[in-house]
Structure formats: C-alpha cells, structure tokens
Amino acid sequence: MNNAWISISAPAILTHAYFLCTNPITPEGSECSNKYPNIFQWSGTILRLADDMGTSPDELKRGDTPKSIQCYMHETGASEEDAREHIKYLIRETWKKMNEDRFEDSTFSQTLVEIAMNLARMSQCIYQYGDGHAAQGWDTKDRVLSLLVNSIPVEY
C-alpha cells in the first residue's frame with residue numbers, strides 16, 4: 001500500500017494541477033513535488049485500487065504483475081471474492097480519510113483539493129467496468145461521449 005498510491009500517475013497529475021491552477025505559487029505549496037500531502041495520497045490510493053479492481057484479471061492474463069487483489073490473496077489466503085470485498089472496504093476507508101482531510105490543510109486552494117477529489121471520483125467511474133483498454137468491458141470513448149457530448153432527448 002505504501003508503494004501503490006505513488007506508483008500510479010496521481011502524484012504527477014496533482015503536482016501538475018497545482019502549478020496550473022495556483023496563483024501565486026507559494027514555497028509551501030511547491031513542496032508538494034517533494035513531500036506529497038495526504039489528499040494526494042488518498043486520491044492516488046483510490047485511483048490505484050479502482051484500477052486494480054477493474055483491470056487485474058485481464059492484465060494478469062497478459063502476464064502483468066500481481067495487483068492489490070492478488071497480493072491480499074497471497075498474504076492472507078483469502079479467496080478472490082473476499083479479496084475484492086477487502087479492496088472495496090479499503091476504498092471506502094480511504095474516502096473517509098480524504099473527506100476528513102479535505103478541509104484541514106489550508107496550504108492548497110479548494111480548487112486543487114477538488115481536483116484531487118475528482119481524480120478519485122473519475123477513477124471509480126472509469127474503472128467500474130474495466131477501462132476500455134486493458135480490460136475490454138466497455139468503450140471509454142463511447143462512455144465519455146455519452147456523458148459529455150451527446151444530447152439526451154427530452155420529451156415535453
């Protein structure tokens with residue numbers, strides 16, 4: 001778990017977001033590129049665990065490294081179903097930490113905190129049925145178009 005949140009792109013995404021959305025950039029805030037705040041860690045953890053939940057079976061078939069589910073199964077002897085329930089529990093607990101911390105650290109703007117929150121939200125949405133790339137559960141492009149571009153017919 002200590003490696004999981006940082007091995008995914010969340011810290012890089014959120015560090016870039018800091019420099020893009022913050023004016024003025026403060027010395028305290030720019031330290032996020034050296035020492036990541038909890039909100040970055042929680043967002044990255046949810047992104048990693050959601051990714052693992054959605055893509056691990058297909059990635060393992062291709063010979064990829066074990067994911068959090070398989071690590072938990074190996075460490076505890078749990079079944080895959082129990083391991084998936086445990087990962088869901090970890091996601092819920094991480095959301096609790098993230099919601100508690102979102103108002104505690106005044107180093108960052110609410111905009112950056114919301115970006116971190118939205119990254120975690122987006123990860124759960126994207127990986128809910130696979131990712132449309134590594135795990136072919138649905139097409140990411142069609143889902144994004146449906147959500148953001150295509151109109152919904154409304155009858156009056």
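Residues are numbered from 1 along each chain as its sequence is written, and side-chain values use heavy atoms, with hydrogens and water left out. In this predicted model, local features need pLDDT of at least 70 and side-chain atom pairs count only at pLDDT 80 or more, while totals for chains, interfaces and linings use all residues.

- Helices are DSSP runs (H or I, at least four residues), numbered from the N terminus.
- Helix α6 covers residues 110-126, and its 17 residues reach 24 Å from the first C-alpha to the last; this is close to the 24 Å expected at 1.5 Å a residue, where the expected span is 1.5 Å times one less than the number of residues.
- Buried residues (under 20% relative accessible area, 1.4 Å probe, protein chains only) in α6 are L112, V113, A116, M117, L119, A120, S123 and I126.
- In helix α4 (residues 68-76), S68, I69 and Q70 are buried.
- G77 follows α4 and has a positive phi, near 80 degrees.

**Packing of α1 with α6**

- Helix α1 (residues 10-21) packs with α6 at an angle of about 150 degrees, and their axes are 10 Å apart; axes are lines fitted to C-alpha atoms over the stretch in contact, and angles run from 0 to 180 degrees between N-to-C directions.
- The two helices α1 and α6 are therefore roughly antiparallel to each other, a term for angles over 145 degrees.
- In contact (heavy atoms within 4.5 Å), A10, I13, L14, A17, Y18 and C21 of α1 meet T111, L112, I115, A116 and L119 of α6.
- The residues of this contact of α1 with α6 comprise 10 nonpolar, one polar and no charged; Ala, Val, Leu, Ile, Met, Phe, Trp, Tyr, Cys and Pro count as nonpolar, Asp, Glu, Lys and Arg as charged, and the others, Gly among them, as polar.

**Packing of α4 with α5**

- The axes of α4 and α5 come within 9 Å and cross at roughly 115 degrees.
- From α4, S68, I69, Y72 and M73 meet E80, A83, R84, H86 and I87 of α5.
- The residues of the contact of α4 with α5 divide into five nonpolar, two polar and two charged.

- R102 is placed in the loop between α5 and α6 and counts as buried because its relative accessibility is 14%.
- Beyond its neighbours within four places in sequence, R102 is in contact with I39, Q110, V113, E114, M117 and R121.

Terms used
Buried < 20%, exposed > 50% of the residue type's maximum accessible area, 1.4 Å probe, protein only. Parallel < 35°, antiparallel > 145°, perpendicular 65-115°, else oblique.
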